[in-house]
Amino acid sequence: MRFTLFCFSLVFLLIYGISPVNGSDGTYQSPDQKIKDILEWPGLPGQQMSPGGEYLLLMHRPPMLELEDIARPRKHLAGYRIDPQTNGPSLSRTAPVNALTFLPTDGSDPVKVDLPENARLDHIRFAPGGDYLTFTLTDDTGIRLWKVETGASAAKKVSNKPLNAATGNPCTFIDATNALCEFIPPNRGNAPERPEVPAGPSAQDADDRATPVRTFRDLLKDEHDEKLYEYYFTSQLKELSLNDGSVTPVGEPEIFDNVSLSPNRDYLFVSRTVRPYSFIVPDWWRRNDWFPREMEIWNRNGDKVQHVASLPLAEDIAVYDVRSGPRDPHWQRGEDATLVWTEDAENHDHYREHLYRLSYPFDEAERIISLEDRYWDTRWLNDGRALVTEVDRYPYRAASWTRTWVVHPGDNDHEPYTLFDRSVEDDFDDPGSPIGRQDGDWIYLRGDGLSPEGERPFIDRIHLETKETKRVWESRDGYYEYPLRVMGNPEDGYRFLLRKETRLDPPAYVLKNADSGERTQLTHLDDPVPELREVERIALTYEREDGVELSGTVYLPPGYDGDERLPVMLWAYPREFVDADAAGQIAEEDHRFMQLSGPTHLFFLLRGYAIFDGPSIAILGGEHANDTYVEQLVMSAEAAVDAIVEEGIADPDRIGVGGHSYGGFMTANLLAHTDLFQAGIARSAAFNRTLTPFGFQNELRTLWEATDVYTAMSPFMNVHRIDAPMLMIHGADDPNPGTFPMQTERMFHAMQGLGKEARKVMLPFEDHGYGARESIHHALYEMFKWMDEHVKDN
C-alpha cells in the first residue's frame with residue numbers, strides 16, 4: 001500500500017510539474033513556479049455598464065499588491081489607517097485599479113484609457129447622463145479628480161488641488177457638470193511632529209461609568225494623536241466645476257463624517273465629528289458612530305438651516321448594542337428635501353427602533369414605522385414607497401431572521417405590511433433582494449437560486465400588493481450565470497448583462513437579448529490551469545452523533561483514479577445556527593469555474609491532496625450556543641472525518657485541519673480536544689478568549705458573566721492537551737478586534753514552553769488577510785511544507 005501511494009505521488013508530481021517546496025528561514029520563500037504563475041492570472045476585471053448601455057467599462061487591477069505598497073509609512077488614527085503622503089487610505093489587502101477599458105456593446109473595438117504610469121484609481125463612476133466618467137487618481141503627490149469622456153481614450157485631470165479621501169469617497173455629483181468634494185484645506189502646513197522628549201506620562205482614568213467595548217486597534221493614544229487626527233481628517237468642502245476645474249468653498253473646514261445632497265440639490269445633510277475624542281473606541285466601526293457628531297442641514301452656501309442632533313461620545317454602548325440618536329441618515333428618494341433616519345427606542349418593551357423623516361422646511365420629524373427588531377436598511381421605490389428591513393441580531397452578529405415591510409410614508413390610509421418574513425439561515429428559501437427597478441406595483445428581485453439540485457441565479461418580479469411572483473430570467477442548467485444588470489422592460493423586451501461561467505469555461509461578461517435569445521460574449525479569458533478541470537467535486541451529506549444533518553464539499557485532485565486513499569486537508573469555519581435544518585443545506589451541483597487566488601487552501605489539490613471544503617461545523621443553541629461549543633465542535637469534526645473516510649477517500653492517518661480567523665480558532669480547539677488530525681494550520685486566529693473579554697463572534701456575555709465558557713473555548717487554556725503540530729500564520733499588523741497578532745505570539749510562547757511542536761510565521765505589514773505577493777507566496781510555501789511533512793509524508 002505504501003509503495004502504491006508513493007508511486008501515485010511521484011507520478012502526480014511528474015505529470016503536473018509540482019515540485020517539492022524548498023527554502024530556509026529568514027527570507028521570503030516561494031512555492032514552485034507553476035503556482036506562482038497561477039497567482040498572476042488577472043481574472044475577470046470589474047465592470048460598470050454605462051447608463052445608456054452602449055459601453056461596458058472594464059476596471060483592471062493587478063492580482064496582488066507589492067510588498068513595497070503595504071510597507072509605505074502609515075498613520076493609525078481613530079480606527080483608520082491612512083497614507084500620510086496621499087491623505088488617503090493605506091493599501092492592505094487588494095490592489096487598486098490601474099487600467100480602464102471601454103468595451104462597446106455593439107462589437108466595436110475596445111478603447112483603452114490613457115493613464116499616467118503607476119496610477120492608482122478609485123471611486124470610479126459615470127456622471128449623470130453618462131457622457132463621461134470620473135475617478136480619483138492617486139500618485140505620490142496626493143489624490144485628485146480626473147475624468148474621461150465615455151468611449152474615449154484621453155483622460156484629464158479636473159483640478160490640481162488635492163482631495164482628502166481619509167474616510168472614503170471625497171466627491172459626490174451635484175449634476176452632470178459639477179461635484180461637491182472634500183479638499184485638503186489650503187495652507188494646511190506640515191503635520192504636527194511628536195516631541196522627542198515627552199512632557200509627561202500618558203494617563204487615563206476610569207470611573208463608575210461602564211464602558212464594555214471590544215478590544216480595538218489603531219486607537220488614538222494621546223494628545224499628539226488627537227492633533228494628527230484633526231490634521232489629516234479636516235477637509236474643506238468645495239463645489240468643483242467638472243468643465244474648467246474652478247472651485248467655490250462651502251462653509252468652513254471641518255472633520256466631515258457624512259455629506260450628502262438633497263434630491264433637489266438645494267440642501268446638504270452634514271455630519272461633523274467634534275471633540276471630545278476617545279482613546280478606547282474608534283471613530284466608526286460596523287455601522288456604529290462612536291465619536292461625537294453634530295448633525296445639521298446646510299444650504300449650498302454652507303449656512304446652517306436646521307440642527308438635527310448632537311450625538312455625544314459613545315464609549316458606554318452595551319456589548320453588541322447601538323448608540324442613541326439618529327443612525328443611517330439619508331435623503332428620501334423622490335422627495336425634494338426629506339431627511340430619514342432611525343433611532344433606538346427609549347425602552348424595548350415592544351419596539352426596538354423607530355424610523356423618522358424630516359421634510360422641508362425641517363420643522364418637526366414624523367415617525368414612519370416602529371420595528372420590533374433591529375433596523376437594517378431602507379430601499380426607496382420610484383413612487384415614494386419604501387422597503388424597510390429589520391433583523392433579529394445587530395450590529396455585529398449574523399442575523400437569523402429578517403422581516404421586510406412595505407411602507408407608505410405620509411400616507412395614513414396605508415398601514416405598513418410585511419413583504420418578506422423569513423429565516424436568514426435558510427438559503428433554499430431566499431426570495432432574492434431588490435435591484436432598484438420598478439414597474440408600477442411590480443419590483444425586481446435578484447437571487448442566488450440555491451436549491452438541493454444546484455445554484456441557478458434568477459431575476460423575479462414581485463407584485464407589492466398581491467405578492468404574486470413571476471420569473472423574468474433564470475440561469476441555464478449546466479451554467480452559472482449571474483445577472484449584473486437588467487435593461488429594458490416587459491413591453492419592449494429585456495436585455496441582461498450576465499457573468500457567465502461553467503466548470504470548463506472561465507468567467508466572461510455576456511449580453512443576452514431575452515426576446516431573440518441571442519447572446520453576445522463581450523470578454524474572453526484563457527484557462528490558467530487546465531488540469532483543474534479534472535478536479536471532481538462531491539457534495540457530501542452526513543449526520544453527526546446527535547442527529548443533526550451536516551454537509552460539505554469534497555474536491556479530488558486531478559489525475560486521481562480512486563484506487564488508493566488520499567491525504568486530506570479539511571478547511572472549515574464554525575457557524576452558529578438557530579435552525580438545525582439549515583446546517584446541512586448544500587447544492588448537489590456546482591457549475592462555477594474553479595479559480596485559485598491568494599493563499600487559498602485549494603492549492604493543495606495540485607499537491608495530491610483531497611480537500612474537504614467548508615464542512616458544516618454547526619454550533620446550535622441560540623444565545624447560549626457557546627455553552628456547548630467544544631462538544632458540538634468535536635461532534636461536527638468527528639462526523640466530517642467519519643464521512644470522508646467511509647467514502648473511501650481519506651487515509652485516516654493523513655488528515656490535516658486548517659482555517660482562517662475563527663476557523664483558525666477552531667483548528668487549535670480541534671487539536672486540543674481530538675486526535676483526529678495529524679497537523680493543523682491556524683491563520684490570523686485568536687486563541688485566548690480572556691483577551692476579548694467583552695464578547696466575540698455571536699457571544700453576548702462578558703468574560704465575567706460566562707467565565708467557564710470563555711475558559712473552555714480558549715485553546716490557550718488547553719495547550720497541554722495538544723499533541724499534533726500546529727502552524728500559525730498571522731499578519732503582523734492585523735487590526736481585527738478579536739485577532740490581535742499578540743494572540744499568535746502568546747499561543748506560540750505557550751506551546752514552545754510546554755514542548756509542543758509548533759511554528760509561528762508573522763507576515764510584516766499584513767492585515768487580517770494577506771495582500772502582498774511576497775506574503776502570499778510565503779504563506780503558501782509554509783502551508784505546503786508543514787502539511788507535506790506532517791500529513792502527506794506521515
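Author: Here is a quick tour, one topic at a time. Keep in mind that this is a predicted model.

Reader: Start with the open sheet. In what order do its eight strands come?

Author: The order is S39-S40-S43-S41-S45-S46-S47-S48. The pairing in this sheet is mixed.

Reader: Which strands stand at the edges?

Author: Strand S39 (536-543) and strand S48 (758-763) do. Each has a single partner strand, so one side of each is left without a neighbour in the sheet. From one strand to the next, the twist averages 20 degrees.

Reader: In what sense do S47 and S48 pair, parallel or antiparallel?

Author: Parallel, over six bridges. Strand S47 covers residues 726-731. Gly 731 has Leu 763 in S48 as its bridge partner.

Reader: What packs on the sheet?

Author: Helix H6 (residues 662-673) does, touching strand S45 (650-660), strand S46 (679-683) and S47. The direction of H6 makes about 140 degrees with that of S45. Helix H9 (residues 773-792) packs on the sheet too, touching strand S41 (566-571), S45, S46, S47 and S48. For H9, the angle with the direction of S46 is about 160 degrees.

Reader: New topic. Where is Asp 733?

Author: Asp 733 sits in the loop between S47 and helix H8 (741-753).

Reader: Is that residue buried or exposed?

Author: Asp 733 is buried, with a relative accessible area of 13%. The cut-off for buried is under 20%.

Reader: What is Asp 733 in contact with, beyond its sequence neighbours?

Author: Leaving aside neighbours within four places in sequence, its contacts are Arg 74, His 76, Arg 81, Arg 217, Pro 741, Phe 765, Glu 766 and Asp 767.

Reader: Let's move to helix H4. Why is H4 called largely enclosed?

Author: Eight of the eleven residues of H4 (residues 223-233) are buried, so the rest of the structure largely encloses this helix.

Reader: Which ones are buried?

Author: His 224, Asp 225, Glu 226, Leu 228, Tyr 229, Tyr 231, Tyr 232 and Phe 233. These buried residues pack against strand S3 (75-77), S4, strand S14 (234-241), S15 and strand S16 (267-273).

Reader: And the loop between S13 and H4, what is there?

Author: Asp 218 is found there. Its phi is near 60 degrees, a positive value in a residue other than glycine. Asp 218 is buried, with a relative accessible area of 10%.

Reader: Where else is there a positive phi in a residue other than glycine?

Author: Asn 118 has one, with phi near 60 degrees. Asn 118 lies in the loop between strand S7 (111-112) and strand S8 (120-126). At 64% relative accessibility, Asn 118 counts as exposed.

Reader: What classes are the lining residues?

Author: The lining has 19 nonpolar, eleven polar and ten charged residues.

Reader: Now hairpins. What do S21 and S22 form?

Author: They form a hairpin with six residues between them. Gly 334 in the turn has a positive phi of about 90 degrees. Three bridges join strand S21 (residues 327-331) to S22, and the two run antiparallel. Arg 327 has Thr 342 in S22 as its bridge partner.

Reader: How many bridges join S22 to S23?

Author: Seven, and those strands run antiparallel. As for cover, five of the seven residues of S22 (residues 338-344) are buried.

Note on methods. Residues are numbered from 1 along each chain as its sequence is written. This is a predicted model: local features need pLDDT of at least 70, side-chain atom pairs count only at pLDDT 80 or more; totals for chains, interfaces and linings use all residues. Side-chain values use heavy atoms; hydrogens and water are left out. Two strands pair if DSSP finds at least two bridges between them. Helices (H or I, at least four residues) and strands (E, at least two) are DSSP runs, numbered from the N terminus. Axes are lines fitted to C-alpha atoms, for helices over the stretch in contact, and angles run from 0 to 180 degrees between N-to-C directions. Contact means heavy atoms within 4.5 Å. Buried means under 20% relative accessible area, exposed over 50%, partly exposed in between (1.4 Å probe, protein chains only). Ala, Val, Leu, Ile, Met, Phe, Trp, Tyr, Cys and Pro count as nonpolar, Asp, Glu, Lys and Arg as charged, and the others, Gly among them, as polar.
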